[in-house]
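I opened this notebook to record what I looked up in one structure. The entries follow the order in which I took up each topic.

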Amino acid sequence: MTTTDATDKPFMIDKRLVYEAYKAVKSNGGAAGVDGQTIEQFEADLKGNLYKIWNRMSSGSYFPPPVRAVPIPKKSGEGQRILGVPTVSDRIAQMVVKQLIKPDLDQIFLKDSYGYRPGKSALVAVGVTRQRCWKYDWVLEFDIKGLFGSLSHEWMLRFVEHRVGDPRLISLIRRWLKAGVMEDGAVHPSDEGTPQGGSISVLLSNVYLHYVLDLWFERVVKVRLKGEARLVRYIDDFVICFQHQSDALQVQEALRHRLGRFGLTLEPTKTKLVEFGRFAQRDAGKRGRSRPETIYFLGMTLYCSRNLKGNFKVGMRTEKSRLRRSISSAQELMRRIRHYGISDQVSEINAAVRGHYAYYGIAGNLRSLLKVHRVTERYWCRMLRSRSRDGGRLTWDTFNQIKERNPILRPKLRLPYRALQALAVL
């Protein structure tokens, strides 16, 4: 897919679009920004507040406030990352611009660019990667260190201007990039990066990496390789599958230079070249290992295995730290709601496990999903027993009767085998 120059056609910001953006922001929820205003407080004068947003955006007089810095633990469990929380009004304004430019930007993204795009979920990205691991023998696994905080404003605006020609929207995006972050009462200017937390941040990051990585790999790198190679990118998580080791080593070095030119660096702890596939399984002993290395991608572990007939297959399971974190979160929830009514408890528990099944529900991972279901049921029984001074009153027979009336959701695959096999052609 090729890119085209920016269109000169101005985007229309109408009141209906602002209202639709408000509904999207409300459905997503979120904490208050630097002004302390919640979505409920915003709705106290909904018509007036929406009119202010529309009027200022239409006239070009909208200036976003700084985002509120909120530290949250990293998914890896090591350290924290800063989440920038915009105000309710600013989230709506960002959503307006996102809805205006996203359809046009979606046309330039390549098919192996995943994340927050229709039909491009994390499960699909993992499924495509699994299918390709059957064909390619080497996998380069990597991600970018602090992507959202490292994006060059100069390059970002150049990339956006290449596709979006409306100067009002370019001006708004520039103001969001420069709005700053408020932490401990002080506003820190933004010289680089885009706050991770705004609705437009992921879209801007996708645009940035489209030009920095995707197009470069497709048009410059692949044509110079000896064999085939395929890239799968989900925001800032990537894997590249190679036919030849020499190509993988060449790209690994070139990639560092390419990213460095645009102010980005690879995360060393998450960057490695893995020999994978049936030959890796056969040759593991020659390389001093009992089994081939595994691949970690988007919370899933991909590993070499064999089916019942003894033939090679790519196995999948939820990555161990992700599994522990999901189970721990479910247990914390059950401790917090153990004095709720039974039906209310089940409603809360099912909402939690439903989200887990939705993200990890890919064919081949059923065993991990069943473990979550099994541990959740057992811990729920333990919490029900703890409500009484004599926990022994709740027998397994009684608990099973409770489960029959108020069942905890069993795992359901979001991406079953039939859908997974269809990805083989991608």
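Entry 1, cavities. I took a cavity to be a set of grid points where a 1.4 Å probe fits but cannot get out, and I counted as lining residues those with an atom within 4 Å of a point. The model I searched is predicted. How many cavities of 30 Å³ or more does the count give? I found two.

The largest cavity has a volume of about 70 Å³. I listed its lining as Val67, Asp90, Gln94, Trp176, Leu177, Ala179, Thr194, Pro195, Gly198, Ile200 and Ser201. Helix 4 (88-106) and helix 8 (167-178) are the elements that give two or more residues to this lining. By class, I recorded six nonpolar residues, four polar and one charged.

For the second largest cavity I noted about 40 Å³ of space. Lys98, Lys102, Tyr116, Val202, Leu203 and Asn206 line this second cavity. Two or more residues of that lining come from each of helix 4 and helix 9 (201-221). Which element gives the most to the lining of the second largest cavity? I found that helix 9 does, with three residues. The lining divides into three nonpolar, one polar and two charged residues.

Tyr116, already listed in the lining of the second largest cavity, has a positive phi of about 60 degrees although it is not a glycine. I placed Tyr116 in the loop between strand 3 (113-114) and helix 5 (122-132). Ile235, also not a glycine, has a positive phi of about 55 degrees. I located Ile235 in the loop between strand 7 (229-234) and strand 8 (237-242).

Are these two residues buried or exposed? Tyr116 is exposed, with a relative accessible area of 56%. Ile235 is buried, at a relative accessible area of 5%.

I read helix 12 as residues 320-336, which is 17 residues. From first C-alpha to last, helix 12 reaches 24 Å, close to the 24 Å expected at 1.5 Å a residue. Which residues of helix 12 are buried? I recorded Arg322, Leu323, Ile327, Ala330, Leu333 and Met334. As background, an α-helix has 3.6 residues a turn, so residues three or four places apart point the same way.

On the other side of helix 12, I noted Lys320, Arg324 and Arg336 as exposed. What do the buried residues of helix 12 pack against? I found strand 12 (312-318), helix 13 (342-360) and helix 14 (366-386).

In helix 7 (residues 153-161), I listed His153, Trp155, Met156, Leu157, Phe159 and Val160 as buried. The cover over these residues includes helix 8, helix 9 and helix 10 (245-261).

I placed Ile39 in helix 2 (residues 39-43). Ile39 has a relative accessible area of 15%, and is buried because that value is under 20%. Leaving aside neighbours within four places in sequence, I found Ile39 in contact with Tyr22, Lys26 and Val88. I also noted that the C-alpha atoms of Ile39 and Gly115 are separated by 27 Å, the two residues being 76 residues apart along the chain.

Definitions and conventions: Residues numbered from 1 in each chain as written. Predicted model: local features only at pLDDT ≥ 70, side-chain atom pairs only at ≥ 80, totals over all residues. Heavy atoms only, no water. Helix = DSSP H or I, 4+ residues; strand = E, 2+ residues; numbered from the N terminus. Expected span 1.5 Å × (residues − 1). Buried < 20%, exposed > 50% of the residue type's maximum accessible area, 1.4 Å probe, protein only. Contact = heavy atoms within 4.5 Å. 1 Å grid on protein atoms, 1.4 Å probe; cavity = no way out; pocket = protein on both sides within 12 Å on 5 of 7 lines; lining within 4 Å. Points joined across faces, edges and corners; volume = space filled by probe spheres on them. Nonpolar A, V, L, I, M, F, W, Y, C, P; charged D, E, K, R; others polar.
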